[in-house]
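Student: I would like to go through this model and ask what lies behind each label.
Tutor: Go ahead; each value can be set against its cut-off.

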Amino acid sequence: MQNIKNIAVIAHVDHGKTTLVDKLLQQSGTFDAHKEIEDRVMDSNDIEKERGITILSKNTAITYNGYKINIIDTPGHADFGGEVERVLKMVDSVLLLVDAQEGVMPQTKFVLKKAISLGLIPIVVINKIDKEGAEPDRVLDEVFDLLVALDANEEQLEFPVLYAAARDGYAKWNLEDENKDMTPLFEAILEHVPSPSGSSENPTQAQVFTLDSDNFVGRIGIARVFNGKIKKGDEYALVKANGEISKSRVSKLIGFKGLDRIEIEEAEAGDIVAIAGFSDIDVGDTIADKNNPVALDPLHIEEPTLSVIFSVNDGPLAGTEGDHVTSNKIKERLEKEMETNIAMKMEPLGDASFKVSGRGELQIGILAENMRREGYEFLLARPEVVVKEENGVKMEPFENLVIDVPEEFQGVVIEKLGKRKAEMTSLTPMPDGTVRIEFEIPARGLIGFRSEFLTDTKGEGIMNHSFIEYRPYSGVVESRTQGALVSMENGEAVAYSLYNLQDRGVLFIKPQDKVYDGMVIGESSRPGDLEVNPLKGKQLTNMRSAGADDAIKLVPPRVLTLEKALEWIEDDELVEVTPKNIRVRKKHLNAADRRRAIRDKKAASGK
């Protein structure tokens, strides 16, 4: 029987989870001494590396003093809360990381609430104690107050506390101790994490909590073995959530060591392994003894709260930049995503479009960004919240929003959020001169708010939010007030024309960019759309005039990223996504069609 400890690292986004796991990997002796290790080695995907966030939960295993420690690095962003929730069922304790300056944040509350409800005892690590403005004692009080508010039991309130600076590779029991290495944290894990329950003598029971896929062996389920043993080549029963049972052989059994996956012959109770051989394996399924299949409790998977419609690009430039442009290709790619990403759902809508639902704008934006990089070309509509009906009452998702802003900006933020139906629940001055304001707001009110918020706070504001619950519909929420500058011609934009349009608003394009009739080339400084001609060149005559050749000075355009474009658009606009460009356009490219659609909408609302 192996000595095993299973632990998940949970925290708010950017509090240092992945960096901490890096240091544990390096100092445990799991890597060979000569092996080059890059920073944040667990963030394996390109977008994770670029943005410095963890998107998918990943597991690694280290050996220390005769123990095998399975560590799961979890995402800290609210949109990936579904990942965290499943992972917590698979571990026996959590390392709760809290930033020594920022303290308890919305996602800290969300993940800790899940851990406490499952009866896990946290090991609290107050990280970044070397940061300016760090106040470890205040943060420890905040964590304790949060645990009390979450109805933690006596045992959970006796949590061990360590102080760390993960980036510099040390942890310690007391602030006065010397800064050495991660040994105190290893000791805390061995001492305070309970050994796995269950026995390798019992009938087999393992539950899948994450999926992976491989071109050679097909779907792979990453599972925790709760009871019994799993041997490569043996036959087991797969019990689905609806009670269906099928049998299959384990074709491959993969264990984890450091960053490597190694093929193993057998796994026993308490271990976390990857299992191949079951073609229809899904998250929450139980792999059980074929003669006596007993299912484990199914996993609760949170419902999506936001949906976006993906459709085929039908604009004038369609097919000129992407490799995969047909509805069949887009459908295949979305279906492949749904296989491993169970927090998302997809339904075809018939007219070459697909409704994709997820937990937030970031989650759907990352799927679209991955598809763009793979050569896909498509259109995205404005995100909409998923509305439910309960007992005849229309319900919508609400979010807990926490905003940190310098004091001088609090007025404008409160005013803007008031128009978006937000209710302020608390206002706390922070020691560094900022103010922390908490709101409860309909998820609809957050669509398109981030870019406006960053402008209002001159880039100094920080906002975080997490899902609370569904509540009765709260009426109309105010959104973008400015209109759009819409091109009325097809061709390439001309500097002279753009120079004359600068006074009308903020441009999204630069000279020589391709434009077409109905494409949005900028944000108007006034309400209401304005049709403009970005192709109009300078009228040349054979007469000279004073100042005729003044240099044209163009203000740099506002570059739209995929997320910014999704936030900016209104119901009558679409984002055109190609491997090379992100453009905004009107749903109806023809001006007469647009006017007719506005007239019809007014007539319908006036009935």
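This is a predicted model: local features need pLDDT of at least 70, side-chain atom pairs count only at pLDDT 80 or more; totals for chains, interfaces and linings use all residues.

Student: Why is strand E3 called largely enclosed?
Tutor: A residue is buried if its relative accessible area is under 20%. In E3 (residues 67–73), 6 of the 7 residues are buried, so the rest of the structure largely encloses this strand.

Student: Which strands pair with E20, and in what sense?
Tutor: Strand E18 (residues 306–311) pairs with E20 in the antiparallel sense over 6 bridges. Strand E19 (residues 345–348) also runs antiparallel to E20, with 4 bridges joining them. Ser-357 of E20 stands opposite Ser-307, and Ser-357 is also the bridge partner of Lys-345. Between E19 and E20 the hairpin has 4 residues, and there Gly-350 takes a positive phi near 100 degrees.

Student: Where do Asp-151 and Asn-391 lie?
Tutor: Asp-151 is in the loop between helix H5 (136–149) and helix H6 (154–157). Asn-391 is in the loop between strand E23 (388–390) and strand E24 (393–406).

Student: How do you know whether Asp-151 and Asn-391 are buried or exposed?
Tutor: Exposed means over 50% relative accessible area. Asp-151 has 67%, so it is exposed. Asn-391 has 82%, so it counts as exposed.

Student: Why is the pair of Phe-508 and Trp-568 called edge-to-face?
Tutor: The structure holds 4 aromatic pairs, this one among them. Ring centres must lie within 6.5 Å, and planes over 60 degrees apart count as edge-to-face. The rings of Phe-508 and Trp-568 have centres 5.1 Å apart and planes at 85 degrees, so the pair is edge-to-face.

Student: What does the pair of Phe-508 and Trp-568 tie together?
Tutor: Phe-508 is in the loop between strand E30 (505–507) and strand E31 (514–515), while Trp-568 is in helix H14 (residues 562–568), so the pair ties together parts that are 60 residues apart in sequence. Phe-508 and Trp-568 are both buried.

Student: What makes Lys-388 a charge over a ring?
Tutor: The distance limit is 6 Å from the ring centre. Lys-388 lies over the face of Tyr-470 at 4.2 Å from the ring centre. The charged end of Lys-394 sits over the ring of Tyr-473, 4.1 Å from its centre.

Student: How do you know that Lys-290 and Glu-235 form a salt bridge?
Tutor: The nitrogen must be within 4 Å of a carboxyl oxygen. The closest N and O atoms of Lys-290 and Glu-235 are 3.7 Å apart, and the pair forms a salt bridge. Lys-290 lies in the loop between strand E17 (286–288) and E18 and Glu-235 in strand E11 (residues 235–239), so parts 55 residues apart in sequence are tied together. The count for the structure comes to 36 salt bridges.

Student: What is the N to O distance for Asp-314 and Arg-585?
Tutor: The side chains of Asp-314 and Arg-585 meet in a salt bridge at 2.7 Å, N to O. This pair links distant parts of the chain, 271 residues apart: Asp-314 is in the loop between E18 and helix H8 (327–340), and Arg-585 is in strand E35 (residues 582–586).

Student: Which of these two partners is buried and which exposed?
Tutor: Asp-314 has a relative accessible area of 54%, so it is exposed. Arg-585 has 2%, so it is buried.

How values were computed. Residues are numbered from 1 along each chain as its sequence is written. Side-chain values use heavy atoms; hydrogens and water are left out. Rings of Phe, Tyr and Trp (its six-membered ring) pair if their centres lie within 6.5 Å; planes under 30 degrees apart count as stacked, over 60 as edge-to-face and the rest as tilted. Helices (H or I, at least four residues) and strands (E, at least two) are DSSP runs, numbered from the N terminus. Buried means under 20% relative accessible area, exposed over 50%, partly exposed in between (1.4 Å probe, protein chains only). A charge sits over a ring if NZ of Lys or CZ of Arg is within 6 Å of the ring centre and within 35 degrees of the ring normal. Two strands pair if DSSP finds at least two bridges between them.
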